[in-house]
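Have a look at the structure first.

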Amino acid sequence: MSSARRTDQQAAAPHVADSHDLIRVHGARENNLKDVSIEIPKRRLTVFTGVSGSGKSSLVFNTIAAESQRLINETYSAFVQGFMPTLARPEVDVLDGLTTAIIVDQQRMGADPRSTVGTATDANAMLRILFSRLGDPHIGPPSAYSFNTASVRASGAITVERGNKKAVKATYERTGGMCTNCEGRGKVSDIDLSQLYDDSKSLAEGAFTIPGWKSDSQWTVQVYAQSGFVDPDKPIREYTEKELRDFLYGEPVKVKVSGVNLTYEGLIPKIQKSFLSKDKEAMQPHIRAFVERAVTFTTCPECDGTRLSEGARSSRIGKISIADACAMEIRDLAEWVRALDDPSVAPLLTALRDTLDSFVEIGLGYLSLDRPAGTLSGGEAQRVKMIRHLGSSLTDTTYVFDEPTIGLHPHDIQRMNDLLLRLRDKGNTVLVVEHKPETIAIADHVVDLGPGAGTAGGTVCFEGTVEGLRAGDTVTGRHLDDRALLKETVREPTGTLEIRDATTHNLQGVDVDIPLGVLCVVTGVAGSGKSSLIHGSVPAGADVVSVDQSPIKGSRRSNPATYTGLLDPIRKAFAKANGVKPALFSANSEGACPTCNGAGVIYTDLAMMAGVATPCEDCEGKRFQASVLEYRLGGRDISEVLAMSVAQAEEFFGTGEARTPAAHKILDRLADVGLGYLTLGQPLTTLSGGERQRLKLATHMGDKGGVYVLDEPTTGLHLADVEQLLGLLDRLVDAGKSVIVIEHHQAVMAHADWIIDLGPGAGHDGGRIVFEGTPADLVADRSTLTGEHLAAYVGA
């Protein structure tokens with residue numbers, strides 16, 4: 001009885017420690033937030049929604065998650081903090097009730113050629129230990145199975161400076177698993193000689209086809225012609241074996257050309273030094289196009305693309321080597337590991353099984369561990385990052401997700417929802433930034449930001465339940481139950497793009513005719529082969545404009561004006577109006593304020609503490625010299641123009657003294673994709689994921705091409721913005737373009753003229769065309785997963 005009475009007393013007076021069940025944010029001002037104050041319930045699933053650019057990421061990632069991470073970092077010693085990223089305290093008055101934040105964002109994984117799904121998730125590390133213990137023949141420690149570790153042997157004397165200095169003879173040896181030919185990359189680069197010269201011509205006839213190499217006056221060409229190693233008047237195809245070897249691979253040697261001492265070097269090493277050692281992104285477009293044509297990557301002949309040395313490939317468990325294990329689909333590998341039974345490695349097998357089962361559970365069982373991390377889509381990369389958290393025993397943790405449904409078919413979204421709910425039910429706080437109504441529907445609590453984007457956003461429009469949001473008069477509430485209707489009539493194709501026997505990745509000899517002159521949507525579950533079909537089979541020629549999911553690169557000096565090329569016509573217009581050089585109107589060139597070098601702020605590095613950025617006192621944050629600001633165009637100086645929004649600038653450059661057609665055309669495209677609110681000089685680092693995607697789309701819309709290939713353009717778009725995107729796609733098609741969209745969003749599917757559905761499953765269960773036809777036929781058919789979900793979406 002006494003224990004029952006004690007329990008009653010506890011229930012009547014809750015412990016003071018149990019009263020902290022809210023995360024309180026007061027006065028948040030990060031980016032465009034306008035003194036936001038909210039209370040978020042702990043141990044619940046809270047979804048943050050609102051139009052793209054309304055301040056969701058600023059509140060969740062840049063305020064709540066950033067402060068949590070900063071406070072955790074401060075618990076380490078100053079020495080350890082010196083090795084960690086430094087985080088500034090967010091602009092907020094009060095942040096209360098924070099717990100440890102685990103961030104699962106949508107950043108693509110690094111495209112390092114040595115990074116794979118296995119290395120990114122520790123699955124490879126466990127497999128290497130497994131093979132080093134059970135592999136036959138035994139070849140060495142776990143490093144002997146690693147394609148990132150080279151074998152090293154060294155011997156010699158070392159001197160230890162301690163007490164009496166004494167030289168000691170030492171030998172060192174480490175066995176690595178790296179293939180020596182491709183250095184663990186799995187591919188070797190090869191130069192296509194036909195792109196360097198026309199072998200039917202002689203050097204005197206202008207055989208070189210390398211950009212900038214002219215046969216008459218170019219010194220580089222004259223070095224080859226007058227070197228004495230080859231006959232300049234003989235066609236290259238008639239060279240003797242020695243002449244060809246000297247021409248292509250000759251060692252550097254001094255030669256006299258027209259009385260000047262110069263260095264002669266074989267063509268291949270010359271090209272490697274002058275073109276291939278440079279950053280491709282920084283090259284001029286025609287040079288980059290040449291490099292992409294001239295350099296081909298082929299599978300390494302020695303390791304057959306496995307990246308591993310012969311020794312690592314020879315060691316097996318049963319009949320399976322580590323290369324075979326990494327090449328299997330993860331669901332098949334999980335079955336193989338489950339069949340292993342050895343008490344000596346029992347804890348390792350348990351951990352490995354749990355990791356592989358997590359892949360299957362999260363819907364990534366179709367991947368293989370040797371898949372390069374850089375080839376994963378944004379959605380796949382995000383789910384790979386989630387794997388380490390699924391089996392975690394941590395509770396009372398805050399999990400922060402950035403659009404976890406990106407790249408997911410409606411069929412897969414249900415599975416993701418179950419995972420989010422499971423994390424919550426373990427006693428964790430789950431914060432999700434999301435646009436998809438299917439995920440908003442499972443929220444315990446909804447925070448809707450807006451009402452607009454950029455300066456028109458940054459306030460909380462609604463807080464409460466999903467039902468309250470639906471009944472409320474906010475942009476999200478009004479659009480939550482939006483359903484796109486099937487088209488009554490569809491456009492007729494003007495031609496077809498034939499794809500025959502496509503076998504990239506998991507495609508199983510696919511034959512398909514993609515209609516041109518219409519809006520064609522390619523869909524199917526994640527991993528069914530959509531990107532492999534389009535990016536791997538549609539020739540990326542001069543007539544194809546491809547807007548993929550690769551992230552925008554840009555520093556805090558980059559802004560929409562520099563990224564889109566808008567600043568060039570603006571600078572020229574200012575220069576022409578004032579009779580001075582265009583370079584004066586660049587904050588990265590001659591016009592930059594000398595005190596802050598055109599950054600607008602002075603950065604002070606404080607080692608392991610967050611650096612401080614203070615506005616430059618000389619230019620007052622305007623980034624330009626005072627003398628430059630005296631030059632005006634249409635009554636405005638360059639800093640005032642960069643402070644304009646796209647919509648204001650569109651009006652400014654459209655008429656009057658400042659009329660600049662080239663600038664107006666770019667501004668029109670930015671307004672077309674719904675970025676009218678962006679400021680021209682806003683740093684790219686402050687843009688949201690959806691804004692970056694649309695900025696990229698606007699830039700590529702200016703490319704000349706008849707076929708547009710768009711990879712999930714609805715990424716990061718609010719329900720209201722999707723309508724605008726559909727209008728944009730219609731305008732492109734009506735202007736005579738062909739638009740091919742890889743997409744999961746049902747509104748885009750319903751709006752299509754033609755649908756190609758891949759499946760039926762993922763990985764080796766996919767790679768086939770399961771439906772071709774109009775959206776209405778797909779809904780009537782209901783023969784595929786996509787058909788069922790689309791029918792439910794349109795209410796058929």
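## Helices on the sheet

Helix α19 (530–537) lies across β20, β21, β24 (707–711), β25, β26 (754–759) and β27, and it runs at about 145 degrees to β25. Over on β21 and β24, helix α25 (689–700) packs on the sheet and touches both strands; its direction makes about 170 degrees with that of β21. Contact here means heavy atoms within 4.5 Å, and the angles run from 0 to 180 degrees between N-to-C directions of axes fitted to C-alpha atoms, for helices over the stretch in contact. Helices (H or I, at least four residues) and strands (E, at least two) are DSSP runs, numbered from the N terminus.

The model is predicted: local features need pLDDT of at least 70, side-chain atom pairs count only at pLDDT 80 or more, and totals for chains, interfaces and linings use all residues. Residues are numbered from 1 along each chain as its sequence is written, and side-chain values use heavy atoms, with hydrogens and water left out.

## The sheet itself

The six strands form an open sheet with mixed pairing, in the order β21-β24-β25-β20-β26-β27. Its edges are β21 (544–547) and β27 (768–773), each pairing on one side only. On average, neighbouring strands are turned by 15 degrees against each other, direction ignored.

Take β20 (519–524) and β25 (738–742): they pair in the parallel sense over four bridges, where pairing takes at least two DSSP bridges. Val 522 stands opposite Ile 742 in β25.

Phe 79 lies in helix α3 (78–81).
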